[in-house]
Amino acid sequence: MLNKYARAFFTRVLTPFAAFLIRRGVSPDTVTLIGTAGVVAGALVFYPMGEFFWGTVVITLFVFSDLVDGNMARQLGRSSRWGAFLDSTLDRVADGAIFGGFILWYAGGGDDLVLCAVSIFCLASGQVVSYTKARGESIGLPVAVNGLVERAERLVISLVAAGFAGLHKFGVPGIQYLLPIALWIVAVGSLVTLIQRVVTVRRESAEAEEADGAQDNEGKQHNASHGSEAAT
Ligand SMILES: CCCCCCCC/C=C\CCCCCCCC(=O)OC[C@H](COP(=O)(O)O[C@@H]1[C@H](O)[C@H](OP(=O)(O)O)[C@@H](O)[C@H](O)[C@H]1O)OC(=O)CCCCCCC/C=C\CCCCCCCC
Ligand SMILES: Nc1ccn([C@@H]2O[C@H](COP(=O)(O)O)[C@@H](O)[C@H]2O)c(=O)n1
Ligand SMILES: [Mg+2]
Ligand SMILES: [Mg+2]
């Protein structure tokens with residue numbers, strides 16, 4: 001949903017910055033790499049210490065690079081297969097670090113086995129949700145569904161909640177419960193999304209097999225009729 005509705009807005013807002021980086025001779029790949037490094041550092045340095053506010057501030061500074069790199073590639077007319085591969089692969093690394101940061105916190109100082117397990121589920125299910133699309137497309141299916149909770153939703157829900165939950169350390173009472181609530185929402189939403197995508201791939205692959213079968217039959221009939229013409 002966010003990918004559909006918010007992307008156009010962010011493209012407009014970030015285009016001047018992307019153009020500025022291009023003028024400074026920065027490449028889209030550099031932005032992809034530095035952005036990912038920033039997200040990973042923010043998540044793995046601050047979250048395991050329970051510093052959710054500062055971790056989210058650092059991550060937010062870098063996470064928008066994922067929208068800037070593609071914007072730069074398009075402005076340069078240099079959108080490439082390599083760029084698409086690098087972008088998607090490093091998205092998985094960034095997501096791994098964010099949810100890995102929550103896991104480390106709940107396994108350590110946060111001391112909550114249930115939330116640790118929920119965070120592990122968020123990490124694994126998010127990666128599998130993305131994989132369903134990549135694998136479905138690699139076997140020639142359209143995978144014409146995005147689902148309830150895509151990557152943008154996973155990030156926005158988790159990061160907004162973590163940022164606000166971090167204000168507990170500044171004395172705001174009760175606000176720390178936002179993060180557990182968000183993690184449960186992301187976990188359930190990812191499960192629903194996974195089911196939506198698997199059902200779609202199942203239907204699309206059945207339709208594709210049926211179309212292949214019909215084509216084979218047509219080919220056999222064509223060969224048979226040409227064969228009988230040749231025999232007469
Ligand atoms: C006092 C309070 C303290 C608060 C501290 C600060 C809080 C700041 C909070 C949040 C900021 C969150 C920002 C999150 C921005 C996410 C941007 C982003 O990277 O989106 C990526 C997404 C997908 O990009 P790709 O096409 O490159 O990725 C594809 C995707 O990963 C596919 O995965 P799948 O979906 O299938 O699981 C892969 O299949 C594919 O391989 C891969 O290529 O980009 C978008 O979707 C574009 C839309 C972005 C929309 C961002 C909306 C941000 C909205 C609000 C943030 C601000 C809220 C601030 C509130 C704070 C209040 C004080
Ligand atoms: N280093 C890069 C990064 C991205 N691309 C291209 O942009 C597409 C992704 O766009 P986003 O707005 O989601 O970043 C990607 O599929 C590539 O075509 C690139 O070429 N080089
Ligand atoms: Mg990108
Ligand atoms: Mg990306």
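User: Where does UniProt place the feature "active site"?
Analyst: The UniProt record, an unreviewed entry, puts it at Asp91; such annotations may be inferred rather than shown by experiment. This is a predicted model, where local features need pLDDT of at least 70 and side-chain atom pairs count only at pLDDT 80 or more. Residues are numbered from 1 along each chain as its sequence is written.

User: Is aspartate 91 buried or exposed?
Analyst: Aspartate 91 has a relative accessible area of 12%, so it counts as buried (under 20% relative accessible area, with a 1.4 Å probe and protein chains only).

User: What does aspartate 91 touch?
Analyst: Leaving out residues up to four places away in sequence, aspartate 91 touches Asp66 and Arg151, where contact means heavy atoms within 4.5 Å.

User: OK, the metal. Which residues coordinate the magnesium ion (ligand 4)?
Analyst: Asp66, Asp87 and Asp91 do, through OD atoms at 2.0 to 2.6 Å. Donors are N, O and S atoms within 2.8 Å of the metal (3.2 Å for Na, K and Ca), and water is not among the atoms, so sites may look incomplete.

User: What spacing do those donors follow along the chain?
Analyst: The donors of the magnesium ion (ligand 4) are spaced D-x20-D-x3-D. Aspartate 66 is in helix α4 (residues 65-76) and aspartate 87 in helix α5 (residues 81-107), 21 residues apart. Helices here are DSSP runs of H or I, at least four residues, numbered from the N terminus. Aspartate 91 also lies in helix α5.

User: How far apart are ligand 4 and ligand 3?
Analyst: The two magnesium ions are 3.5 Å apart, and aspartate 66 coordinates both.

How values were computed: Chains are lettered from A and ligands numbered from 1 in the order in which they are written. Side-chain values use heavy atoms; hydrogens and water are left out. Helices (H or I, at least four residues) and strands (E, at least two) are DSSP runs, numbered from the N terminus. Buried means under 20% relative accessible area, exposed over 50%, partly exposed in between (1.4 Å probe, protein chains only).
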